[in-house]
Number of protein chains: 2
Amino acid sequence: MAAGPDKAIKRPLYLGVDGGGSKCRAILVDADLQLLGSGLGGPANPLHGFEQTLNSIICATDAALAEAGLQPQAKSELISGLGLAGVNLPSLYQQVKNWSHPFAQLFLTTDLHIASLGAHRGEEGSVIVAGTGSCGYAQVNGQTTILGAHGFPFGDQGSGAWMGLEAIKVVLLASDGLGPSTCLTQMFAEQLGVEGVMIVDKFAGAGSSEYAQLSALVLRAAEAGDAVALSIVKEGTAYLDAIAEKLWQTGVKRLSLIGGLGQALRSWLAPATLARLSEPLMQPEWGAVYFAQQEHGNISGT
Amino acid sequence: MAAGPDKAIKRPLYLGVDGGGSKCRAILVDADLQLLGSGLGGPANPLHGFEQTLNSIICATDAALAEAGLQPQAKSELISGLGLAGVNLPSLYQQVKNWSHPFAQLFLTTDLHIASLGAHRGEEGSVIVAGTGSCGYAQVNGQTTILGAHGFPFGDQGSGAWMGLEAIKVVLLASDGLGPSTCLTQMFAEQLGVEGVMIVDKFAGAGSSEYAQLSALVLRAAEAGDAVALSIVKEGTAYLDAIAEKLWQTGVKRLSLIGGLGQALRSWLAPATLARLSEPLMQPEWGAVYFAQQEHGNISGT
């Protein structure tokens, strides 16, 4: 590698990017995996905006480079690992692969894959993600299993967006006298200032992250013993329990629960699920670095 | 009224418009409610496109005028009744009310109201609509009750769109081994050419009418005894049964089941619901005419 003003940095440089529906994180590390810089970008789920996704990745990368004292043009020497939501769909995977990217190399995989590599410090393993969406992922002996990851409103039981939509449904049913009454009705009125059909007005065209914001109300109502909210939370966590069971059946050694709702949902999981969970070791963007390093090693034949 | 080349037509002229998510129907009648002409326009749900809705209404009106041998400028003498999907939401109602329309008078109400007025030939009564969406409506002694009409994906249990989404959910769960197997999986593969996660790819961003097209598969699978499809259909019709019961409690004299799925769902309704259904007498666009005539009469003091 050519020496320059930053000759103290041990090359090659790896970039790890974790792109999701609300934001994008990038970290820059040297050949010894020493952290040189990190950066944030905007939403990066290509399903909800392809150009925005590329912009967010570049933005986060330039921020990480700047923090490391490097110029934007240094992108051309980066071995990049990119984990993106949505690219489990073949059409989106191909669209991102076709990107004329500015990096030395770009290795693309799912956000689930890098989340798992991060949680298990580059080793194979499995994760359940419970945040705005929900899903399960396992990698054992090179074999990948993905459960769920279908996105809202097709699936994602137990996720924040799913809980939010279920909450809207039960409040609307109750307002028609066609479902049991629930304290969610009052919470909606107090917190959101809406009731009855006005709820529809407020959420028409809303995205999954707006639904997910309602999950805090559902969890609070469930804690307070509201039967309707309890039923939503239990249905959701029963799905996550079933995912956990399926993941264990793959022969995986470690399973971590991650995502924005992971902590809040722990107390609702079956004891058998909870007992076998391992703490995640590193963040997903680190998983993207491990992925880049492994793929680069494979290509280099090392 | 001024005499003209069309002096044989008995004035005032009434226009009745039924605007929905996929199309818009208009009829033109004379003072004795003799049909002079009818016309079709495009989608007219202001929730999914305000300008498109106005265009569709004008389009359907001009077609009805042309069939009656009248010029487009005759719109300025029409007493118009307009029943629109979506205007049960106050914001949309106001937006349409603010329209600088080309008619002599415009009386606006919901698609539900005109459907009920049509089904009961201008009299009060009630309807259950089961088509792309689902809901219940009753009018008794001037008091209106609306049940459901929340739209997709908030509610609309028993509707075509709801059945379609539920079908996608169970097929995806089955593909993960997290739900019971169903012959819907094979039907999706054969009829739509998709399975597993490809279903998500195909339906990402789909509208309610695209989901509703799947309801035919659900009904066919239920007829064939598929337990998963049966459970969807039974959950949906139980909701419609509950709506029927609530509507009877308003003291209504007649209840009609209408909408694109009405006929197909009859055999799945509870016998008690079915026994009390009355045939709809006229179409919703006629309900819009009755509404215009009644409102015009109220204003004229007759």
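Contact, in what I'm about to show you, means heavy atoms within 4.5 Å. Hi everyone, and please keep in mind that this is a predicted model.

With that cut-off, let's start at B:Gly259. Leaving aside residues up to four places away in sequence, B:Gly259 touches B:Val129, B:Ala130 and B:Gly131. This glycine sits in the loop between strand E9 (255-258) and helix H10 (262-265) of chain B. Its relative accessible area is 38%, so B:Gly259 is partly exposed.

Now over to chain A, and how the chain is laid out. Domain 1 covers 6-121 + 282-300, and domain 2 covers 160-275. Taken over C-alpha atoms, the centres of these two domains are separated by 32 Å.

Next, the sheet. In what order do the strands of the open sheet in chain A come? The order is E8-E7-E6-E9, four strands with mixed pairing. Strand E8 (143-148) and strand E9 (255-258) stand at the edges with a single partner strand each, so one side of each has no neighbour in the sheet. On average, neighbouring strands here are turned by 15 degrees against each other, ignoring direction. If you zoom in on strand E7 (residues 134-140), you'll find 6 bridges joining it to E8(A), and the two run antiparallel. One pair to click on is A:Val140 with its bridge partner in E8(A), A:Gln143.

On to a helix I like, H5 of chain A, residues 184-192. Its buried residues are A:Leu184, A:Met187 and A:Phe188. As a reminder, an α-helix has 3.6 residues a turn, so residues three or four places apart point the same way. On the other side of H5(A), A:Gln186 and A:Glu190 are exposed. The cover over the buried residues of H5(A) includes helix H4 (160-175), helix H6 (198-203), helix H8 (215-223) and helix H9 (227-248) of chain A. Just past the end of H5(A) comes A:Gly193, with a positive phi of about 70 degrees.

Most residues other than glycine have a negative phi, and most peptide bonds are trans. A:Arg121 is not a glycine, yet its phi is positive, about 45 degrees. You'll find A:Arg121 in the loop between helix H3 (111-119) and strand E6 (126-130) of chain A, and at 48% relative accessibility it counts as partly exposed. A:Asp156, also not a glycine, has a positive phi of about 60 degrees. A:Asp156 lies in the loop between E8 and H4 of chain A; with a relative accessible area of 6%, this residue is buried.

As for the peptide bonds, A:Arg11 and A:Pro12 are joined by a cis one, with omega about 5 degrees. A:Pro12 belongs to the segment before strand E1 (13-19) of chain A. In chain B, the bond from B:Arg11 to B:Pro12 is cis as well, with omega near 5 degrees.

Last, the two chains together.

Definitions and conventions: Residues are numbered from 1 along each chain as its sequence is written. Chains are lettered from A and ligands numbered from 1 in the order in which they are written. This is a predicted model: local features need pLDDT of at least 70, side-chain atom pairs count only at pLDDT 80 or more; totals for chains, interfaces and linings use all residues. Side-chain values use heavy atoms; hydrogens and water are left out. Two strands pair if DSSP finds at least two bridges between them. Axes are lines fitted to C-alpha atoms, for helices over the stretch in contact, and angles run from 0 to 180 degrees between N-to-C directions. Domain bounds come from an automatic or database domain assignment. Buried means under 20% relative accessible area, exposed over 50%, partly exposed in between (1.4 Å probe, protein chains only).
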